[in-house]
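Trainee: I would like a close look at a single part of this model, and then at how the rest is packed. Please keep the account connected.

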Amino acid sequence: MNDTSQTQHYKPRSPEGRAAADALRGLRQDLFHEAFAYRPLPPMGTEGPLVRRLPGGLRERAGWLPHAVVVAAALFALLLAGTTGTGGLDSLAMGALAAGPILLTLVRPVGAFWLSMAATPVCAVLAGEWYDWPWLPANFFAHLVVLTVVAARTRPRTAAWMWLVTAAYGTALGGARGFGSNTPPLLFVSALALLVVTVRHTRRQAQQEVTAQQTVTAQERSRRTLLEERTTIARELHDVVAHHMSVVAIQAEAAPYRVENPPPELEAAFATIRENAVAALTELRRVLGVVRAADYEVPEAPQPTLADLDGLLANVRDAGLDVGKTVTGAVRELPQGVELSAYRIVQEALSNTLRHAPGARASVEVGYVLGGLGLRIVNDPPPQPSLVKPSPGAGHGITGMRERVGMLDGEMTAGATAEGGYEVTVFLPVARAAEDAS
């Protein structure tokens, strides 16, 4: 019953009430909550275009430029207070009350705002000056600096609260004395300063958001490129694996007929091998259907091997690239997956040469060594670098090559040469048993 009566008497808060409550909560959080907390001003970044042009020593000290500007403003406020007072301890106290809040912005920004507000009428009373009430020239300048520095160190909402509190405070002091106040000029000048700071804040925040979005986009693009390369490799290796599994199935089916009166256990074993091979082929085709793109077409020709390398080089020469080929070691047949990956690596490296070094000369070295296959594709620098256009796909080919090499547990290095060209070096290991089987 009590719950029902409480529900009946409850009235939801109006939108105006909620807005007022949110405003008071924001005021308390920005200007009252931990107002005198220790927040030292960090050094300025030295990555800007202007700072990078400075000599080494000045570049290191440039980070303390904001601190130096604040200290210079405090000294100016101190001198300005000395010209206003009558001399002696009063002038010294007025100078300290004007310069102190400015210096305090370096370590306790919000507390500096409150100190500047409290020091303003004290300085006016000490000076006995009622024409510039309540903001004497030194306090006028000091409070303007404090508002600007604190706004730059916090956020636009805090700057708006400080400006409104200053307006209310100055108006109240002017009304308490019963004559005019110089608060309107301070509000006008400070509004312009805070507007500049707010625009700078907004611009910097927008730049940070754009930079963060670009970073995320670049990471997603890199991840998508990696997935595409892996999918391409999976499609190409499908034919290789399917061929071997088909051979296993055929040999398992034909093996019992090569033996006269084979025992039932042997026939059952070969039948099991054939069934497993056929099941593996079925699953392989199902997996390929998952990774196959909508526009993917099954190749009509078998996957290329190193025996097709001369045809690739002939096509590249027709495209305008002067390329030579060198083969060392005893040429032998390698596992089909190794030969396919080697062919694709050479193809991608030469494509990169055509794209990034048009007119350069390239060489392909194929080395049949003990335990594997070595590849080295190197090109000279482009004859006319100014004609090279930036490519949006830069780096994707290297990603694909690394994926192929990593799949075979190989090693790869890629980088610029001392002459200004580019070199790709690859080693693809081949197990001894696989070589003997070949």
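**Helix 11 and its surroundings**

Mentor: Helix 11 is followed by Gly-320, whose phi is positive, near 105°. The model is a predicted one, and what follows is read from it.

Helix 11 spans residues 309-318, and its buried residues are Leu-309, Leu-312, Leu-313 and Val-316. These residues lie on the same side of helix 11, because the arc they cover around the axis is only 95°. Asn-315 and Asp-318, on the other side of helix 11, are exposed. The cover over the buried residues of helix 11 includes strand 1 (322-328), helix 12 (336-356) and strand 2 (361-369).

Next, the nonpolar cores. The largest nonpolar core has 39 residues, and those that touch the most other members are Leu-31, Ile-102, Phe-113 and Met-162. At least two residues of this core come from each of helix 2 (15-32), helix 4 (65-84), helix 5 (89-104), helix 6 (109-127), helix 7 (137-153), helix 8 (156-177) and helix 9 (183-254). Helix 7 supplies the largest share of this core, with 8 residues. If residues up to four places away in sequence are not counted, Met-162 touches Leu-31, Phe-113, Leu-147, Val-150 and Ala-151.

Helix 4 provides the largest share of the nonpolar patch, 3 residues. Leu-75 lies in helix 4. With a relative accessible area of 49%, Leu-75 is classed as partly exposed, because the exposed class requires over 50%.

Thr-417 is found in the loop between strand 4 (411-416) and strand 5 (422-429). Thr-417 counts as buried because its relative accessibility is 17%, and the cut-off for buried is under 20%. Leaving out residues up to four places away in sequence, Thr-417 touches Val-378, Tyr-422 and Glu-423.

Note on methods. Residues numbered from 1 in each chain as written. Predicted model: local features only at pLDDT ≥ 70, side-chain atom pairs only at ≥ 80, totals over all residues. Heavy atoms only, no water. Buried < 20%, exposed > 50% of the residue type's maximum accessible area, 1.4 Å probe, protein only. Helix = DSSP H or I, 4+ residues; strand = E, 2+ residues; numbered from the N terminus. Arc of directions from axis to C-beta. Contact = heavy atoms within 4.5 Å. Core = buried A, V, L, I, M, F, W, Y, C linked by side-chain atoms within 4.5 Å.
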